[in-house]
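Q: I would like to learn how to read a structure feature by feature. Could you walk me through one?

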Amino acid sequence: MSGGTVFDIMKYSVHDGPGIRTTVFLKGCPLSCHWCHNPESQLPGPRVMFYPERCIGCGVCAGVCPNGVLLPLAGAGENHPAAGLDKCTGCGRCAAVCHAGAREMAGREMTAAEVVREIERDVVFYDQSGGGVTFSGGEPLMQPDFLMALLAGCRDREIHTAVDTCGFAPRDQLLEISKLTDLFLYDLKMMNDRRHRQLGQTYTLPDLRPPDNEKIKTIADRLYSTGVRLLTY
Amino acid sequence: MNQRVAKLRQQSLDTVPRITTERAELITDFYRSAGAHSVPVLRAMAFQHLMEKKAIYIGPGELIVGERGPEPKASPTYPELCCHSLQDLDILDSREKISFAVDHEAKRVYREQIIPFWQGRSMRDIIFSQMDDRWQAAYQAGVFTEFMEQRAPGHTVLGDKIYRLGMLDFIADIDAALAGLNYLDDPIAYDKREELRAMRICARAIITFAERHADLARAMAQAEPDPERKGELERISAVCLRVPAHAPSTFWEALQYYWFVHLGVITELNTWDAFNPGRLDQHLYPFYRRGIEVGSLTREQARELLQCFWIKFNNQPAPPKVGVTAEESGTYTDFANINSGGLRPDGADGVNEVTYLVLDVIDEMRLLQPSSNIQLSKKNPDRFLKRALRIVRQGWGQPSIFNADIIVQELVRQGKTVADARCGGASGCVEVGAFGKESYILTGYLNLVKILEITLHNGIDPCTGERLGIETGDPRSFSSFEDLLVAFKKQLQYFVDIKVQGNNIIERLYATRMPAPFLSLLIDDCIARGIDYNAGGARYDSTYIQGVGLGSLTDCMSAIRHHVFDQSNLTMEQLLAVLGQDFSGSEKVRQLLLNKTHRYGNDDDYADGIMQQLFDAYYDAVNGRPNTRGGVYRINLLPTTCHVYFGAVTGATPDGRKAGQPLSEGISPVQGADRRSPTAVISSAAKMDHLRTGGTLLNQKFTPQVLEGEDGIDKLAHLVRSYFKLDGHHIQFNVVSAATLRAAQAEPEKYRDLIVRVAGYSDYFCDLGRALQDEIIGRTEHRTF
Ligand code: SF4
Ligand code: SF4
């Protein structure tokens with residue numbers, strides 16, 4: 001099975017589709033919407049997160065950083081994550097030595113098998129509630145092979161799946177994935193293209209154009225005609 | 001609620017608990033001039049004296065009548081069990097939390113009459129004088145507590161028999177049993193005779209007590225100018241003449257009968273975990289249905305009567321506790337816990353119209369007492385669960401939720417018949433019993449974490465330097481986690497043995513000196529056997545030791561296994577040194593232990609596997625050992641407020657907990673250690689074999705946002721059902737944000753009516769000690785995202 005980068009796995013997720021769900025946040029997003037509630041998930045690789053309220057100021061992290069970007073953090077306060085992190089390669093050494101859990105890696109390389117094993121742990125809750133797993137992001141379609149492997153693994157285990165997407169992906173890929181997905185949570189960010197461009201501001205991957213809502217609607221219609229359930233919001 | 005109920009409820013809430021010396025004086029009078037009778041007969045005559053002489057109270061507007069003291073919230077004392085000293089009375093009067101007003105006159109009575117007569121003769125004095133040095137040392141150090149040192153064995157719940165039989169019927173049964181005694185072949189025929197005679201006196205006495213209420217109500221009716229109230233008083237008088245002498249014929253009579261019986265039980269002795277009516281909805285349903293059918297009762301009248309009945313419970317604060325008992329159970333709540341729903345004796349869905357009425361009453365009354373729970377079977381409709389969860393969502397902690405199907409299995413595993421098991425349920429906090437047929441005595445809490453602390457010091461209590469346990473080896477010489485586990489098991493067995501030996505003596509002290517003939521009347525098969533409840537007369541007899549701190553113990557063991565043995569992050573020597581300093585100067589190590597340990601409550605098999613081993617160790621140390629009443633010892637896992645007391649006497653621990661901090665409560669994870677999700681907590685907790693316990697307690701805390709809307713209720717319902725599919729025993733919820741609790745700490749005046757779930761019961765947040773408040777705030781708060 002292939003692997004990919006997972007930003008987080010949240011259990012007892014109750015707003016991402018029917019029943020009790022596990023939401024798997026895959027890293028990477030082609031958009032960078034200003035309202036995004038987990039901007040850390042936008043970048044494709046693992047990133048280090050800093051929780052200032054847990055930091056005891058021991059300074060151990062600074063000692064292990066190969067890029068020497070980190071200063072001791074005592075009193076760094078809320079603003080610290082921005083300071084010096086541009087040089088961070090996401091190697092994770094600081095998080096490994098931080099006993100306080102103030103540095104943690106956002107995003108882990110995981111195999112599909114590992115992720116599916118984690119998803120499977122809550123099967124009793126899905127069975128009881130008609131729930132399952134929701135793949136979200138970032139934009140889960142940024143890691144298409146990984147996503148396909150995850151969906152296939154879930155289907156093998158009779159676990160209901162949903163993909164929470166902005167639809168910003170090649171049409172064929174979407175159709176391919178639709179075959180393995182029980183439900184699409186289609187996130188139409190803004191139906192007005194110009195407004196979307198204004199608010200979306202910058203795009204992580206320059207070679208992709210901002211989403212064309214007409215196209216997305218067309219794809220949605222196509223998906224709908226294949227029998228996939230769609231929820232838009 | 002109507003005006004009458006609102007007034008009575010407010011009165012109950014506003015009245016300050018006070019000590020009344022009424023009972024103490026009457027009992028002392030009686031024993032001063034007591035004749036040369038057998039012990040059971042003396043106890044029965046003392047009960048009779050109380051029933052004949054105590055003041056009768058019928059308050060304005062009341063429909064259900066009778067008080068334990070001379071008026072609502074006047075709490076009697078039981079000097080034959082625990083004779084309070086003048087200093088105790090001062091403490092009760094002046095302590096900040098759970099205080100009782102003690103007036104000058106009460107102190108005078110105690111000084112002049114009660115103390116001179118009872119000092120040195122109370123059960124408390126006798127028990128402490130009978131315990132050996134090892135018991136005393138372990139007790140003082142906080143290794144365990146002792147329930148019976150100032151309260152009598154209780155812990156039973158009434159079955160259905162009072163709804164079928166009156167006291168006169170019981171008297172007929174007793175007479176038949178007396179006539180059948182065989183003095184030739186039965187070596188204990190004499191003992192049986194005395195016990196049966198005692199029961200007979202008690203049955204008569206409770207009838208007298210009811211008749212005195214009937215007389216007063218009639219006299220009040222005659223003087224009453226308001227024709228409506230006059231009619232009510234006449235009705236009260238008629239009801240009290242009928243019950244408990246005869247079986248009840250109406251809804252009202254059924255409630256009043258139970259209430260007299262309740263008062264009898266809690267007046268005879270100060271039993272633990274106040275008796276309760278158990279499956280009230282099922283008991284009342286036939287009366288309800290008949291009343292509605294013949295037009296003598298409306299749903300609104302039934303509601304009003306139930307509400308009046310509820311207020312009666314709230315009028316009886318748990319009698320004043322002192323010393324360690326006050327620490328382990330610091331609350332006015334006396335744990336009467338009414339069960340709704342569940343199964344019928346034939347195994348069918350037990351939810352009926354009265355069930356929903358009871359849920360409405362719980363919702364409207366919002367009283368600490370009685371406590372309430374639902375018994376949820378897979379056969380019960382979702383409507384029932386959701387109705388209960390809508391009450392839970394309001395955030396005052398009631399009702400708690402039990403797995404009715406698993407309770408049946410737990411009871412059957414213990415040897416009860418299926419029918420008896422289905423009539424059982426949960427009482428106190430979470431304890432299972434066969435209602436009406438079992439004596440299931442809780443004997444005290446066991447501090448599992450303290451035992452580990454002692455193990456880590458080769459038998460020495462590091463808090464005092466005293467040798468408390470046995471030598472199980474210097475842990476610095478242990479080469480594997482298994483070595484530690486073996487040592488811990490030996491130490492555990494040693495302390496459990498001390499506790500069991502003490503219990504066996506205490507059980508016999510109660511059996512021989514403090515029988516409970518009135519309670520015995522009510523519990524099968526005491527009459528048939530001619531044996532007292534306290535001596536093994538009940539059909540089933542269990543003795544429990546309640547384990548405390550399993551979550552903390554698991555995390556401690558997991559930390560040692562991971563950091564000392566698996567990863568060699570630090571040596572045992574270093575660990576012990578850091579603990580000895582209470583982590584001062586070693587915050588980094590503390591953080592390592594706190595954050596980089598596999599911890600229980602995260603569906604992490606490493607930690608949960610250790611929990612299972614420790615659970616087995618505890619089970620093996622206790623379960624199945626014979627008690628003195630023909631039954632056996634069993635385990636359950638609940639703390640009341642004891643996890644705070646036990647934490648206070650336990651030094652720094654390998655899970656990163658600082659000295660003196662509370663332990664984990666029930667089977668909940670350590671406060672804040674469960675970082676994943678409510679489903680992960682449930683999965684972890686479900687890895688324990690609940691079927692081998694007599695009750696486990698799981699607390700979950702949610703922010704109100706999680707449960708918003710119908711969707712929030714649906715998902716919570718699924719969460720509960722999922723836990724129960726996994727054989728979980730009990731779950732309860734706090735729905736309140738830490739921010740609200742902190743605000744209540746800062747400005748208690750504004751939050752006087754804020755109620756939270758503590759352990760197996762709810763309490764006013766502002767009545768809790770600071771340590772307990774902090775502990776509740778520290779519990780993981782599951783949010784939505
Ligand atoms: S290692 Fe962790 S606790 Fe220490 S300074 Fe760095 S972030 Fe803070
Ligand atoms: S992840 Fe690696 S590069 Fe980034 S801050 Fe931590 S140690 Fe430095």
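A: Gladly. Let's begin with a definition: two strands pair if DSSP finds at least two bridges between them. One point before we apply it: this is a predicted model.

Q: Thanks! In which sense do strand E4 and E5(B) pair, and over how many bridges?
A: Strand E4 (residues 371–376) of chain B pairs with E5(B) in the parallel sense, over four bridges. Within this pairing, B:Ile374 stands opposite B:Ile401 in E5(B).

Q: Which way do the residues of strand E5 of chain B point, and are they buried or exposed?
A: For burial, the cut-off is under 20% relative accessible area. In strand E5 (residues 400–403) of chain B, B:Ser400 and B:Phe402 point one way, while B:Ile401 and B:Asn403 point the other way. All of these residues are buried.

Q: Which strands does E1(A) pair with?
A: One is strand E5 (residues 108–111) of chain A, joined to E1(A) by four bridges and running antiparallel to it. Here A:Gly3 has A:Thr111 in E5(A) as its bridge partner. Another is strand E2 (residues 21–26) of chain A, where five bridges join the antiparallel pair. In that pairing A:Asp8 stands opposite A:Phe25 in E2(A).

Q: On to backbone angles. What is the general idea for phi and for peptide bonds?
A: Most residues other than glycine have a negative phi, and most peptide bonds are trans.

Q: Which residues does a cis peptide bond join, with omega about 5°?
A: That bond joins B:Val243 and B:Pro244. B:Pro244 is placed in the loop between helix H10 (227–242) and helix H11 (251–268) of chain B. There is also a cis peptide bond from B:Asp524 to B:Asp525, with omega near 0°. The loop that holds B:Asp525 lies between helix H21 (517–522) and helix H22 (526–529) of chain B.

Q: What is the phi of B:His155, and where does this residue lie?
A: B:His155 is not a glycine, yet its phi is positive, about 50°. Its place is the loop between helix H7 (133–141) and helix H8 (167–179) of chain B.

Q: Why does B:His155 count as buried?
A: B:His155 counts as buried because its relative accessibility is 2%, and the cut-off is under 20%. B:Thr640 lies in the loop between strand E12 (632–636) and helix H27 (642–648) of chain B. With a relative accessibility of 3%, B:Thr640 is also buried.

Q: How do I read a contact between residues that are separated along the chain?
A: B:Gly341 and B:Val351 are ten residues apart in sequence, and their C-alpha atoms are 4.5 Å apart in space. B:Gly341 belongs to strand E3 (residues 337–341) of chain B and is buried, with a relative accessible area of 0%. For A:Ala96 and A:Cys61, 35 residues apart along the chain, the C-alpha separation is 8.7 Å. A:Ala96 is found in helix H2 (residues 93–97) of chain A.

Q: Is A:Ala96 buried or exposed, and why?
A: A:Ala96 is exposed because its relative accessibility is 61%, and the cut-off for exposed is over 50%.

Q: Which residues come nearest to ligand 2?
A: Ten residues lie around ligand 2, and A:Cys65, A:Cys88, A:Cys91, A:Gly92 and A:Cys94 come nearest. By class, this shell has six nonpolar, four polar and no charged residues. A:Cys65 is buried, at 16% relative accessible area, and A:Cys88 is buried too, at 19%.

Q: With those cysteines in view, how many disulfides are there over all chains?
A: The count is zero, taking a disulfide as a pair of cysteine sulfur atoms within 2.5 Å.

Q: Last topic: how many cavities of 30 Å³ or more does a search of the whole structure find?
A: The search finds ten. The largest cavity has a volume of about 120 Å³ and is lined by 13 residues. A:Cys55, A:Cys58, A:Cys61, A:Cys98 and A:Ala102 are the lining residues nearest its centre. Sorted by class, the lining of the largest cavity has nine nonpolar, three polar and one charged residues.

Methods
Residues are numbered from 1 along each chain as its sequence is written. Chains are lettered from A and ligands numbered from 1 in the order in which they are written. This is a predicted model: local features need pLDDT of at least 70, side-chain atom pairs count only at pLDDT 80 or more; totals for chains, interfaces and linings use all residues. Side-chain values use heavy atoms; hydrogens and water are left out. On a 1 Å grid over the protein atoms alone, a cavity is a set of points where a 1.4 Å probe fits but cannot get out, and a pocket is an open set with protein on both sides within 12 Å along at least five of seven lines; lining residues have an atom within 4 Å of a point. Grid points are joined across faces, edges and corners, and a volume is the space filled by probe spheres set on the points. Ala, Val, Leu, Ile, Met, Phe, Trp, Tyr, Cys and Pro count as nonpolar, Asp, Glu, Lys and Arg as charged, and the others, Gly among them, as polar. A residue is near a molecule or strand if one of its heavy atoms lies within 4 Å of it. Buried means under 20% relative accessible area, exposed over 50%, partly exposed in between (1.4 Å probe, protein chains only). Helices (H or I, at least four residues) and strands (E, at least two) are DSSP runs, numbered from the N terminus.
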